[in-house]
Amino acid sequence: MTASLSKGINAFKEVIDAPIASFFSSCVHCGLCAEACLFYTETGEAKYTPIHKLEPLRRVWQQEYTLLGSLGKLLSLSKPVTDEELTEWEPLVYDSCTLCGCCSMVCPVGNDLTYMIRKMREGMAASGHAPEDLIAATTRAITIGSPMGIKWPAVQAQIKHVQADTGIEVPVEREGADYLVLMSSMEIINFPEYLSALSRIFKQAGVSWTLASDAFEATNSGIQIGSSDLAREIVSRIVVAAERLKVKCVISPECGHAFTALRWEGPNLMGRPFGFEVKHILEVLDELRAAGKLKTRGKDNRPLTYHDPCQIARRGGVVEQPRRLLSEIAADFREMPDAGVMNWCCGGGGGVSAITRAEPLRLQVFKIKKGQIEATGVQTLVTACANCRIVIEEALEHYHMKIEVVGLTELLAQYLVEENASPIPSPVSGRG
Amino acid sequence: MKQAEQLDNLPGTVGEGLTQRGISRREFLKFCSSLTALLALPPSMASAMAEAISKARRQSVIWLSFQECTGCTESITRSHSPTLENLIFDLISLDYHHTLQAASAEAAEHAREQAMKDNAGKYLLIVDGSVPLGNPGFSTIAGISNHDMLVETAKGAAAIVAVGTCAAYGGIPKAGPNPTGAVAVGDIIKDKPIINVPGCPPIPVVMTGVLVHFLTFGSIPELDELGRPKSFYGETIHDRCYRRPFYDQGKFAQSFDDEAARQGWCLFKLGCKGPVTYNACATTKWNDGTSFPIQSGHGCIGCSEPNFWDAGPLYKALSVPASATSEMLGAAAAVGAAAGVAITWHNRSTKAAANTAHEKVTVQELTQEKK
């Protein structure tokens with residue numbers, strides 16, 4: 001068995017639903033989506049216009065689902081989608097789209113272009129036109145359990161470190177806990193501060209939580225490559241574990257697409273509602289703050305700004321929570337221009353950061369973020385997505401910018417009021 | 001002033017005629033300025049126009065009336081007499097007009113033939129009324145069918161002015177079922193410039209403006225795609241209506257005697273055709289600027305538009321389908337629904353087939369086999 005063009009075309013036919021049909025028929029060709037795409041604004045190349053990235057899918061819609069289009073197909077007036085064309089479109093659909101959702105926001109007729117790109121990737125993956133790096137990552141996610149090839153023993157090792165550092169027990173496989181905590185591979189390998197910070201915050205707040213040995217990975221390569229079959233398999237691990245442990249809520253970590261995969265796509269992939277809630281860690285922390293369970297002391301005097309991860313702010317609606325949390329501890333908080341739901345993407349979401357050949361392009365389009373950061377004049381940037389964080393750190397290094405990037409959870413933990421005062425770890429910067 | 005007197009005193013000119021009638025230079029210039037504005041010409045053209053009109057010889061005009069009601073003549077000759085507009089009309093050489101001329105029978109026809117001969121290629125032909133093609137006997141003058149008289153008289157004309165909706169577009173005689181086979185002037189004459197001045201009847205000053213333009217520049221004003229002078233027919237009644245703010249606020253009269261109607265709210269729902277009617281009524285108004293239909297509390301009936309009589313009930317809002325009968329609408333709905341069902345069925349089966357053909361994607365199947 002192998003990927004093939006016919007499988008891809010079949011997948012295109014499968015994904016074209018009422019929304020996609022109405023989006024294509026209501027497009028007025030105004031080109032406003034181009035101005036919303038950082039790949040267009042930073043390169044000026046017309047091929048990066050979001051609606052253009054959907055051209056093969058649009059033609060399949062026209063040929064299969066419209067009267068004139070099917071007549072044109074019969075009379076060979078409209079050319080069929082070929083392997084060559086999909087090869088040409090592969091960099092447009094994967095390398096130059098972070099699924100950031102900006103184009104969907106500006107479309108005057110309300111077309112959700114991001115939704116369409118996500119759906120189009122189904123056909124790209126089924127026809128063998130996904131980038132090899134994403135195929136490799138997805139293969140690791142399915143066969144090993146994590147796109148970066150991390151297994152449970154690596155998590156166990158980190159748990160030991162955290163327990164040694166904080167003196168707090170990290171609960172594992174605790175049935176009946178309120179929260180199931182997930183992590184992203186990036187956090188396990190690069191940002192171990194996250195688990196340590198979470199343990200301390202939850203200890204102080206008296207939260208009952210647990211990790212699951214068979215469902216610690218929150219990321220979902222199936223979503224990024226665009227294969228519902230694979231995404232379903234990955235998300236079902238979490239659903240099975242959460243239901244086995246009878247938790248009330250699953251916490252999506254500081255990772256953008258993991259939140260989208262679990263919160264929005266998850267129940268649709270499973271074909272049923274979950275028996276538990278899904279919340280982003282910032283939502284949980286803000287609830288704790290509102291309930292008076294998240295006590296902090298002191299203020300960070302450094303000028304700080306906050307980068308809204310696309311999937312969390314624009315696509316996820318978590319916009320006010322990080323600002324309320326930051327107002328507790330930041331003495332000099334500065335908003336970037338366009339902050340909030342219209343924030344510019346880091347340039348590496350939606351799987352782009354995993355595609356090696358896309359790196360020069362990614363660095364080029366980072367210029368828009370660079371300008372945003374420079375406008376604030378800060379030396380410290382806070383965010384809530386490990387992928388944004390690594391993409392931004394790499395780009396800052398490339399542009400020789402001396403700016404520290406920190407996760408919001410770990411920053412909060414630095415100002416935590418702890419009853420059993422254990423030694424507070426010094427702020428960790430860069431990659432662990 | 002000297003120059004003006006000179007101009008005015010040239011014998012046999014319009015200027016001389018005006019002086020004889022006691023029209024002062026000042027009054028005349030005022031008239032020219034207002035016409036300049038109405039014709040959308042630059043203000044500097046007013047004096048040029050005054051000079052041209054003063055110097056102009058009395059223009060020979062032949063007026064033919066076919067299938068009409070004489071309303072157009074009434075409008076132009078009697079509407080706000082005695083004003084400058086009328087005087088200008090008196091000062092053209094109206095060589096033939098069977099309602100107004102004193103002569104009758106052969107003498108009358110002789111006057112027309114004489115004018116055609118004396119001013120060959122120079123006279124202006126004004127036509128009101130439509131021309132019946134169904135049977136030449138439906139409308140004749142001195143035994144000559146309207147069609148033949150039009151063709152004969154048009155030959156030597158410098159230009160033709162089709163006055164009124166009947167001459168311009170066929171008008172009421174052409175309304176379904178069009179028993180006489182009525183057509184517009186432009187349907188018969190193809191080789192002469194034709195200026196359509198539609199309206200039932202048209203506004204007098206529009207007539208005057210067209211004439212003055214012709215006298216001043218020796219050419220016809222800029223026309224739209226329906227042959228109407230753009231300066232008068234460039235905007236809809238609706239766009240220039242003083243009740244427009246009510247429309248924009250969604251304030252409509254629901255009947256002719258409700259409180260909203262008394263408050264002067266928009267008459268759209270009572271069938272006003274202002275939004276689709278191009279004419280100058282709302283700006284120039286009628287009867288020496290006194291009023292126009294909407295100001296008098298009645299919606300516009302769109303009388304200056306082609307086929308206005310068949311464009312649906314006068315008292316139904318434009319948003320209500322005009323021509324379709326309920327059977328037609330029912331049939332159209334049924335056909336539409338059937339087509340919708342068929343297309344939906346086809347698309348659903350395409351999609352169902354695609355779903356059936358779905359082979360579960362595994363990580364081993366993410367690449368194509370190398371051929």
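Which helices of chain A are included in what covers the buried residues of H12(A)? I began my notebook with that, and I note at once that this is a predicted model, in which local features need pLDDT of at least 70 and side-chain atom pairs count only at pLDDT 80 or more, while totals for chains, interfaces and linings use all residues. Residues are numbered from 1 along each chain as its sequence is written, and chains are lettered from A and ligands numbered from 1 in the order in which they are written.

**Entry on helix H12**

H12(A) has 15 residues and reaches 21 Å from its first C-alpha to its last, close to the 21 Å expected (1.5 Å times one less than the number of residues).

I then listed its buried residues, which are A:Val155, A:Gln158, A:Ile159, A:Val162 and A:Thr166 (buried means that 20 or more other C-beta atoms, placed from the backbone, lie within 10 Å of the residue's own, exposed means 12 or fewer, and partly exposed is in between). Seen down the axis of H12(A), these buried residues fall within an arc of 110°, so they line one face of the helix (the arc is that of the directions from the helix axis to the C-beta atoms). On the other side of H12(A), I found A:Pro153, A:Ala157, A:Lys160 and A:Ala164 exposed.

To answer my opening question, the cover over the buried residues includes helix H13 (185–189) and helix H14 (193–205) of chain A. Just after H12(A), A:Gly167 takes a positive phi of about 70°.

**Entry on the sheet**

I looked up an open sheet of four strands in chain A, which has the order S2-S1-S3-S4 and parallel pairing (two strands pair if DSSP finds at least two bridges between them). Strand S2 (209–210) and strand S4 (277–280) of chain A stand at the edges with a single partner strand each, so one side of each is left without a neighbour in the sheet. Strand S1 (residues 179–181) of chain A is joined to S2(A) by two bridges, and A:Leu180 has A:Thr210 as its bridge partner in S2(A).

**Entry on chain B**

I recorded 17 helices and nine strands in chain B, where buried residues make up 37% of the 371 residues. Finally, I noted that 18 residues of chain B are in contact with 23 residues of chain A (contact means C-beta atoms, placed from the backbone, within 7 Å).

Technical notes
Two residues are in contact if their C-beta atoms, placed from the backbone, lie within 7 Å.
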